[in-house]
Amino acid sequence: MVLPLAALLASCAALAADPAQDKPMLDLANHAGCMTCHHVEPGAKGPDGLPPIGPPWRDVSAKYKGQKGALEQLTQTVMKGSNPYDSHWKGKASGLAMPPNAAAIKEADARKLVKWILSLEAGKKS
């Protein structure tokens, strides 16, 4: 079950390096439908008890930390989707691929959201 935004914000300390961005970015993610498939925290389960469809964002942040070009690469994945035959989240997420989201979010907003996701501290429980 996706945690309502107010409950998520009330139940945790700052999520990202710039806590002032937490609420606007979670609002954007909710509005664009991202929270249907993703969670911020690792270990969260979907309503069916399975891992979330998409990887938790703290894991995404950890995987791409310090990688040159990660912001652009992940922004393009949000906009255009990912290859279902190249799933590098196998066993950590129940979905095979990310669908294209250009109809749900503008590229500039996707870039802001990805930048925020990359600023999340890996392994830190809020």
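This is a predicted model: local features need pLDDT of at least 70, side-chain atom pairs count only at pLDDT 80 or more; totals for chains, interfaces and linings use all residues.
1. **Overall make-up.** The chain has five helices and zero strands. Read from the N terminus, the order of elements is α-α-α-α-α. The chain has 126 residues, and buried ones make up 35% of them. Take the contacts with a sequence separation of 6 or more: 61% of these join residues 24 or more positions apart.

2. **The nonpolar core.** The largest nonpolar core holds 25 residues. Those touching the most other members are V40, W57, V60, I105, L113 and W116.

3. **The buried side of α3.** Helix α3 covers residues 57-64. Which of its residues are buried? They are W57, R58, V60, S61 and Y64. These residues lie on the same side of α3, because they cover an arc of only 160° around its axis. As a general point, an α-helix has 3.6 residues a turn, so residues three or four places apart point the same way. The partners of the buried α3 residues are α2 (22-32), α4 (70-80) and α5 (107-118). Just past the end of α3 comes G66, with a positive phi of about 75°.

4. **V60 in detail.** V60 sits in helix α3. Is V60 buried or exposed? V60 has a relative accessible area of 9%, so it counts as buried, the limit being under 20%. Leaving out residues up to four places away in sequence, V60 touches P55, L74, W89, I117 and L118. P42 is 18 residues from V60 along the chain, and their C-alpha atoms are separated by 9.9 Å. V60 is also one of the core residues that touch the most other members.

5. **α3 against α5.** Two packed helices are described by the angle between their axes and the distance between the axes. For α3 and α5 the angle is about 80° and the axes are 8 Å apart. α3 is therefore roughly perpendicular to α5, as the angle falls within 65 to 115 degrees. On the α3 side, the contact uses W57, V60, S61 and Y64. On the α5 side, it uses W116, I117 and L118.

6. **α2 against α5.** The axes of α2 and α5 come within 10 Å. They cross at roughly 125°. That angle makes α2 oblique to α5. What is the handedness of the crossing of α2 and α5? It is left-handed. From α2, the residues in contact are D22, M25, L26, L28 and A29. They meet D109, K112, L113 and W116 in α5. Of these, L113 and W116 are among the core residues that touch the most other members.

7. **α4 and its cover.** The buried residues of α4 are A70, L74, T75, Q76, V78 and M79. Among the elements that cover them are α3 and α5. G81 follows α4 and has a positive phi, near 90°.

8. **α4 against α5.** The axes of α4 and α5 are 9 Å apart, and the packing angle is about 125°. α4 is therefore oblique to α5. The crossing of α4 and α5 is right-handed. From α4, the contact draws on A70, L71, E72, L74, T75, Q76, V78 and M79. From α5, it draws on E107, A110, R111, V114, K115 and L118.

9. **S94 in the loop.** Where is S94 found? S94 belongs to the loop between α4 and α5. S94 is partly exposed, because its relative accessible area is 40%. Not counting residues up to four places away in sequence, S94 touches P51, P52 and I53. S94 and P52 are 42 residues apart in sequence, yet their C-alpha atoms are 6.0 Å apart in space.

Key: Residues are numbered from 1 along each chain as its sequence is written. Side-chain values use heavy atoms; hydrogens and water are left out. Buried means under 20% relative accessible area, exposed over 50%, partly exposed in between (1.4 Å probe, protein chains only). Helices (H or I, at least four residues) and strands (E, at least two) are DSSP runs, numbered from the N terminus. The arc is that of the directions from the helix axis to the C-beta atoms. Contact means heavy atoms within 4.5 Å. A nonpolar core is a set of buried Ala, Val, Leu, Ile, Met, Phe, Trp, Tyr and Cys residues joined through side-chain atoms within 4.5 Å. Axes are lines fitted to C-alpha atoms, for helices over the stretch in contact, and angles run from 0 to 180 degrees between N-to-C directions. Angles under 35 degrees count as roughly parallel, over 145 as roughly antiparallel, 65 to 115 as roughly perpendicular and the rest as oblique. A crossing is left-handed if the near helix is turned anticlockwise from the far one by less than a right angle, and right-handed if clockwise.
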